[in-house]
Amino acid sequence: AASEVGATWKAARLLFQPLTPLYQPLIQDDVAGLLRLISSLQNEVTPDSKKGWYYKDDAGEIQGPYPPAWMNKWCQQGYFDDDAEVRFGEEGAMFKLSQMFPDPSSAFLINCMTDSSGVKEACEKV
């Protein structure tokens, strides 16, 4: 299984290599970095009024969109467990929170990592 993940990561790096300078803060040599990159791309193709974070609630309903700072705060307050399914953008794949963000303190702050001019504003807005 580890070799499959390694091969998948190598293929994804080749596929996204032209985007690497733009997304360098998101990309790490691990699965979490790849999932954050996929999520960021999903959000970019989302209409502005629907951009943001979505999660699947206990009843299986999709809730959102919410700004990164709100989702991070709710995560810090314990509203999401490690198996919570989330995505960045209206459509696309949902991933387990713990797979995307091994460090819960940075959960949902993709906008913050990609915006160098106004981190606070980027965190509060979608």
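Hi everyone, let's begin with burial: of the 126 residues in this protein, 38% are buried, where buried means under 20% relative accessible area, exposed means over 50%, and partly exposed is in between (1.4 Å probe, protein chains only). Before going on, please note that this is a predicted model, where local features need pLDDT of at least 70, side-chain atom pairs count only at pLDDT 80 or more, and totals for chains, interfaces and linings use all residues. Residues are numbered from 1 along each chain as its sequence is written, and side-chain values use heavy atoms, with hydrogens and water left out.

Now the layout. The protein has 7 helices and 4 strands, and from the N terminus they run α-α-α-β-β-α-β-β-α-α-α. Helices (H or I, at least four residues) and strands (E, at least two) are DSSP runs, numbered from the N terminus. Among contacts between residues at least 6 apart in sequence, 51% join residues at least 24 apart; contact means heavy atoms within 4.5 Å.

Let's go inside. Which residues touch the most other members of the largest nonpolar core? They are Trp 53, Met 71, Phe 80, Leu 97, Met 100, Phe 101 and Phe 108, out of 17 residues in that core. At least two core residues come from each of β1 (53-56), α4 (68-76), β3 (85-88) and α5 (97-100). By nonpolar core I mean a set of buried Ala, Val, Leu, Ile, Met, Phe, Trp, Tyr and Cys residues joined through side-chain atoms within 4.5 Å. In soluble globular proteins, nonpolar side chains tend to be buried together.

Take Met 71 as a guide. Leaving aside neighbours within four places in sequence, Met 71 is in contact with Trp 53, Tyr 54, Tyr 55, Tyr 66, Phe 80 and Phe 108.

From there, step to Phe 80, in the loop between α4 and β3. Is Phe 80 buried or exposed? Phe 80 counts as buried, because its relative accessibility is 13%. With neighbours within four places again left out, its contacts are Tyr 55, Met 71, Trp 74, Cys 75, Leu 97 and Phe 108.

Cys 75, in helix α4, is buried too, with a relative accessible area of 11%. Beyond four places in sequence, Cys 75 touches Phe 80, Leu 97, Pro 104, Ala 107 and Phe 108. Cys 75 and Phe 108 are 33 residues apart along the chain, yet their C-alpha atoms are separated by 8.7 Å.

Phe 108 deserves a look of its own. Phe 108 is in the loop between α5 and α6 (110-114), and counts as buried because its relative accessibility is 0%. Its phi is near 75°, a positive value in a residue other than glycine.

Here is another backbone detail to find on the screen. Gly 64 and Pro 65 are joined by a cis peptide bond, with omega about 5°, and Pro 65 lies in strand β2 (residues 62-66).

One last stop, away from those residues: Gln 42, in helix α3 (residues 31-44). Gln 42 counts as buried because its relative accessible area is 11%. Setting aside residues within four places in sequence, Gln 42 is in contact with Arg 87, Phe 88, Gly 89, Glu 91, Gly 92 and Ala 93.
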